[in-house]
Amino acid sequence: MTDSLLLEKRGHIAILTMNNLPANTWTAESLQALIDIVEALNADPDIWSLVLTSASDKFFSAGADLKLFADGNREMAHAMAVLFGRAFEILSQFRGVSIAAINGWAMGGGLEVALACDLRVAEEQAKMALPEAKVGLLPCAGGTQNLTLLVGEGWAKRMILCGEQVDAQKAEKIGLIEEVVPRGEAFNRALALAEQACQQSPSSLKACKKLIQNNRHMPFAQGYILEREWFVDLFNTDDQREGVNAFLEKRKPEWKNR
């Protein structure tokens with residue numbers, strides 16, 4: 001692990017804090033740590049939600065440290081591109097609900113890591129951009145793909161091709177984030193959403209998230225079939241029986257994640 005990425009567990013929620021101050025730039029070490037942490041969380045049946053937050057008051061994350069690419073080293077570029085892509089893809093495949101608490105500047109890879117989460121809450125002063133083309137680069141950690149999925153081709157082109165920066169209010173309007181909150185409230189709101197998700201069956205959440213994300217690379221017709229198949233598969237779980245019986249008995253379910 002690394003001090004630039006801190007992990008805390010509160011009940012069924014993992015809190016992951018970017019701590020590479022002042023701007024929370026990503027390094028090879030912290031990207032590998034993200035991979036290792038998410039894989040460990042996926043193996044922990046007691047963790048059902050994840051909140052990604054920042055230790056900085058100004059930056060959520062400024063993305064990559066451009067000093068890494070100043071000498072034009074192609075081998076370095078390839079290694080970092082692969083690491084960025086793998087780390088954020090694994091984050092997107094976290095089996096529970098992941099929520100980014102954006103409390104400041106989210107630039108380049110700093111926005112891409114938020115795009116890899118399921119939900120994004122941003123404070124009113126937050127600014128978001130994918131400015132890589134301004135320095136002769138491009139978003140290589142899912143930015144061109146995930147941003148387009150969220151906001152559509154037009155706004156993805158405005159942000160990436162025209163270098164347009166958006167504030168939290170505009171980001172909510174175009175679908176880049178799900179909610180704007182007052183200054184200082186992003187983490188609390190993200191934590192509340194994580195707690196809300198933990199009231200759901202973790203077995204159901206895992207299946208539902210996969211079905212939603214499968215929509216990215218398979219036809220709707222196949223998704224409809226999988227819905228029905230995985231609905232029946234849930235009847236192999238303890239959570240299905242617990243959920244239905246808890247409802248019928250008018251009590252709170254006790255999920256086992258199995």
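Predicted model: local features only at pLDDT ≥ 70, side-chain atom pairs only at ≥ 80, totals over all residues.
Two strands are said to pair if DSSP finds at least two bridges between them. The largest nonpolar core has 50 residues, and a second, separate core has 18.

- β7 pairs with β9 (residues 119-123) in the parallel sense over four bridges; in β9, Arg-120 is the bridge partner of Ala-100.

**Nonpolar cores**
- Within the largest core, the residues with the most contacts are Trp-26, Phe-60, Phe-88, Ile-102, Met-128, Leu-147 and Leu-176.
- Elements giving two or more residues to this core include β2 (13-18), α1 (28-42), β4 (49-54), α2 (74-92) and β7 (97-102).
- Leaving aside neighbours within four places in sequence, Trp-26 is in contact with residues including Leu-5, Met-18, Phe-84, Phe-88 and Val-113.
- The second core includes Trp-48, Val-97, Val-121 and Ala-186.

**Helix α2**
- The 19 residues of α2 should span 27 Å at 1.5 Å a residue, which agrees with the 27 Å between its end C-alpha atoms.
- Asn-73 caps the N-terminal end of α2, with a side-chain oxygen 2.9 Å from the backbone nitrogen of Glu-75.
- The buried residues of α2, among them Met-80, Leu-83, Phe-84 and Phe-88, pack against β3 (25-26), α1, β6 (63-64), α3 and α7 (202-214).

Methods:
Residues numbered from 1 in each chain as written. Heavy atoms only, no water. Core = buried A, V, L, I, M, F, W, Y, C linked by side-chain atoms within 4.5 Å. Buried < 20%, exposed > 50% of the residue type's maximum accessible area, 1.4 Å probe, protein only. Contact = heavy atoms within 4.5 Å. Expected span 1.5 Å × (residues − 1). Polar contact = N/O pair within 3.5 Å; in protein donor to acceptor, adjacent residues only side chain to side chain.
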